Amino acid sequence: MSARAWALLLVLCGTIFLEGIDVAMLAVAIPAIRADLDLSTGAAAWVMSAYILGYAGFTLLGGRAADLLGRRRMFLIWLTVFLLFSGLGGFATEGWMMIVARFVTGVSAAFMTPAAMSIITTSYEEGPQRNRALLVFAGTAAGGFSLGMVIGGLLTQLGWRWVFFAPVLLAGALLIAALRLLPRTGAAAEVPVKTANGFDMPGAAAAAGAMMLLAAGVVRLEHGGSGWQLTAGAFAAGLLLVYVFVAVERRSPAPLVRLAIFRRASMVRADLGALLFVGSFFGFQFMATLYLQELRGWSSLETSLALALMGLDFVLAPTLTPRLVNRFGNTRVVVGGFVAAILAYGLFLPVGLDWSLGLMAPTLALTGVAFALAYGPLAIAATDGVAPHEQGLASGLLYTSSQFGSAIGISAVTAVYGLASTAGTGAEGSLAAFRAALVVPVVMVLLGLVITATGLRRRQPSAPRPSAPQPSAPQSPDDVLDSARPTVLTPSGD
């Protein structure tokens, strides 16, 4: 790839890094925010949950909007929205302001990240070049989360508002670079799907409503039996809207989601694998944070520095994983990632009250290795072979699965921990509850291993497809960038 092609990739990776550090820094800063704004426990929980609801609820719509309305346009618009509402969170003086800011920030990420990923999958030639780009993208995402915990700990010492202002500065730099580097012509900018029937608004409304309600139900799982009527109601209403969505899509002349895409077994299994893997990762990280801070009394900064060991994926994903994928194929590399995760979480199950960092280090390092091996190849499998005009949809499905996975993982470990805490008292009782909750990530990666190992396979070269009306073929990044004009964005440019 040329230097300009690498520059474009770095800008796109910068957005997923931005999303990762944003989530991680808030997780570290939430105790300080709660104390300063005098938030109740419920309000503090909603500050975290609002982002998940916005992200999970709109990711599917965001991915398809990139296909239908233009990838460049969606990327730039929603990166700007992310910048503005992250800043609003930094100026918040009331709980409701923080919740609104986090919800809209989550919605903006739901549109921005699938657009960035679909620009990669349509601009880089399918095969080793695209695989390398996707692995760098995936590694940057995980690295952003890992480094975000450390950065969040440092910024919280200066003042929690910097946790919101720092992403504003990064988003502003990325926006300036994107205006110059994102091509105005080619696969990254064009609107591939043209239709006289307009945008599928009923399908879009049903999809967003269903995803938000289901996400709300998942988030409420952490309350256990308390308020189960609301949890059950959210799931029932969400499933009803899923039924409505399917009925609308079957009858729509221009469906938001072509339902036949779910016949791609490799894509479906990759999405399920991502759901379970990401869920196990976030569930484990959440419990490890509680263990270090609440049971061991470590500070937020000490905890962040310890968990930074998981940041190995930031180095391994763009360097080692591409070579392994080229040599062994997606299946074996993904299986290796799940096996590493099983070992990592299993080693932590007998955790004690006096474990040193040296005893915890193998688990934390193996967790980073597992992420480097599994997530990038899962992203490749989720988009491999999908038509160019549906790459945004495929990316949206992957990120929807990942967000639901994170919500399920955190909610499940919280629910198990809460139930197990009633069985004992004192430090030993809390430790037993931690151990019970840590079983959840192990079960999730075991299920993920079964699903991915039986379904994912390396895509073999196929015969040329018969000519048919296709929106456009993906171009190499150098071809796309050669046609780009580094000028200021104007309405006519999209």
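**Exercise 1.** Which residues in H3 meet which residues in H6?

*Solution.* The model is predicted: local features need pLDDT of at least 70, side-chain atom pairs count only at pLDDT 80 or more, and totals for chains, interfaces and linings use all residues. Residues are numbered from 1 along each chain as its sequence is written, and side-chain values use heavy atoms, without hydrogens and water.

Step 1. With contact defined as heavy atoms within 4.5 Å, H3 contributes Arg 72, Phe 75, Leu 76, Leu 79, Thr 80, Leu 83, Ser 86, Gly 87, Gly 89 and Gly 90. H6 contributes Phe 164, Phe 165, Pro 167, Val 168, Ala 171, Gly 172, Leu 174, Leu 175, Ala 178 and Leu 179.

Step 2. By class, the contact of H3 with H6 comprises 13 nonpolar, six polar and one charged residue.

**Exercise 2.** Determine how H3 and H6 are oriented.

*Solution.* Step 1. Helix H3 (residues 71-90) and helix H6 (residues 162-181) have axes that come within 8 Å and cross at roughly 160°.

Step 1. Angles over 145 degrees count as roughly antiparallel, under 35 as roughly parallel, 65 to 115 as roughly perpendicular and the rest as oblique. H3 and H6 are therefore roughly antiparallel.

Step 2. The H3 and H6 crossing is left-handed.

**Exercise 3.** Classify the packing of H12 and H13.

*Solution.* Step 1. Between helix H12 (residues 357-383) and helix H13 (residues 391-421) the angle is about 140°, and the axes lie 9 Å apart. H12 and H13 are therefore oblique to each other.

Step 1. The crossing of H12 past H13 is right-handed.

Step 2. On the H12 side the contact is made by Tyr 375, Ala 379, Ala 382 and Thr 383; on the H13 side, by Gln 391, Ala 394, Ser 395, Leu 398, Tyr 399 and Ser 402. This contact of H12 with H13 has six nonpolar, four polar and no charged residues.

Terms used: Axes are lines fitted to C-alpha atoms, for helices over the stretch in contact, and angles run from 0 to 180 degrees between N-to-C directions. Helices (H or I, at least four residues) and strands (E, at least two) are DSSP runs, numbered from the N terminus. A crossing is left-handed if the near helix is turned anticlockwise from the far one by less than a right angle, and right-handed if clockwise. Ala, Val, Leu, Ile, Met, Phe, Trp, Tyr, Cys and Pro count as nonpolar, Asp, Glu, Lys and Arg as charged, and the others, Gly among them, as polar.
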